[in-house]
Amino acid sequence: MMKTLTVFLSMKGETIAPGMKIVNLEKGYTNIAAEYVQAAVGGDLFEIEPVRVYNPDHMKMIYEAKEEFDRDARPEIKGFPEHMDEYDLIFLCFPNWWATMPMPVFTFLEHYDWTGKTIAPLVTSGGSGFANALKDLERMCPGAVIKDGLEILGHEVSASEKIIQEWAAAIAEGE
């Protein structure tokens with residue numbers, strides 16, 4: 001039987017909502033999306049947690065993320081899933097930061113050999129979708145099968161539970 005892992009990186013606290021309004025999230029959009037995925041397909045849930053504490057002011061945090069992107073940094077993360085070799089299907093959920101995945105996601109991806117794994121990406125964004133993330137994911141995970149991803153506007157995640165769960169179930173059933 002196929003073993004599934006849903007991995008996510010999500011930021012709670014300040015973020016930008018439609019109309020450039022700043023809102024404060026108790027739980028990040030991508031975290032909510034990852035929980036919807038796991039509810040649909042079962043398996044384990046793992047949060048990528050950067051060691052670095054990003055600035056709680058969203059406008060300052062995005063420039064910290066830009067500085068990491070410009071340096072092609074690999075920020076330290078608090079841990080990695082044990083026994084990654086046991087998982088066949090990985091749902092990778094992340095926000096779009098500077099037209100790709102957040103740099104802590106790169107740290108996570110470089111830690112493993114993805115040969116023979118299936119990765120289903122889900123991105124939350126303010127409107128830019130995957131941008132360069134799929135190309136970067138393919139480059140970072142040679143030997144993996146990258147499934148069609150799902151793009152969700154961050155502020156629409158809570159209203160998109162059915163869409164997210166149907167997408168995840170279709171990916172899992174197709175394996």
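The largest pocket holds about 650 Å³ of space. It is lined by 25 residues, and the closest to its centre are Thr-15, Ile-16, His-58, Ser-125 and Gly-126. This is a predicted model, in which local features need pLDDT of at least 70, side-chain atom pairs count only at pLDDT 80 or more, and totals for chains, interfaces and linings use all residues. Residues are numbered from 1 along each chain as its sequence is written, and side-chain values use heavy atoms, with hydrogens and water left out.

What counts as a pocket or a cavity? Both are found on a 1 Å grid over the protein atoms alone. A cavity is a set of points where a 1.4 Å probe fits but cannot get out. A pocket is an open set with protein on both sides within 12 Å along at least five of seven lines. Lining residues have an atom within 4 Å of a point. Grid points are joined across faces, edges and corners, and a volume is the space filled by probe spheres set on the points.

Back to the largest pocket. Strand S2 (13-17), helix H1 (29-41), helix H2 (58-71) and strand S6 (118-125) each give at least two residues to its lining. Helices (H or I, at least four residues) and strands (E, at least two) are DSSP runs, numbered from the N terminus. The lining has 13 nonpolar, eleven polar and one charged residues. Here Ala, Val, Leu, Ile, Met, Phe, Trp, Tyr, Cys and Pro count as nonpolar, Asp, Glu, Lys and Arg as charged, and the others, Gly among them, as polar.

Next comes the second largest pocket, with a volume of about 480 Å³. Of its 24 lining residues, Ser-10, Met-11, Lys-12, Glu-47 and Pro-50 are the closest to the centre. S2 and H2 each supply at least two residues of this lining. By class, the lining has nine nonpolar, seven polar and eight charged residues.

There is one cavity of 30 Å³ or more. Its lining is made of Ala-65, Glu-68, Phe-69, Trp-97, Trp-98, Met-101, Pro-102 and Met-103. H2 gives the largest share, three residues. Seven lining residues are nonpolar, none is polar and one is charged.

Now the helices. The axes of H1 and helix H5 (residues 161-174) come within 8 Å and cross at roughly 50°. Axes are lines fitted to C-alpha atoms, for helices over the stretch in contact, and angles run from 0 to 180 degrees between N-to-C directions. H1 is therefore oblique to H5; under 35 degrees counts as roughly parallel, over 145 as roughly antiparallel, 65 to 115 as roughly perpendicular and the rest as oblique. In contact (heavy atoms within 4.5 Å) are residues including Tyr-36 and Val-37 of H1 and Ile-164 and Trp-167 of H5. By class, this contact has eleven nonpolar, one polar and one charged residues.

The axes of helix H3 (residues 103-110) and helix H4 (residues 133-140) come within 10 Å and cross at roughly 25°. H3 and H4 are therefore roughly parallel. Phe-106, Leu-109 and Glu-110 of H3 meet Asp-136, Leu-137, Arg-139 and Met-140 of H4. This contact has four nonpolar, no polar and three charged residues.
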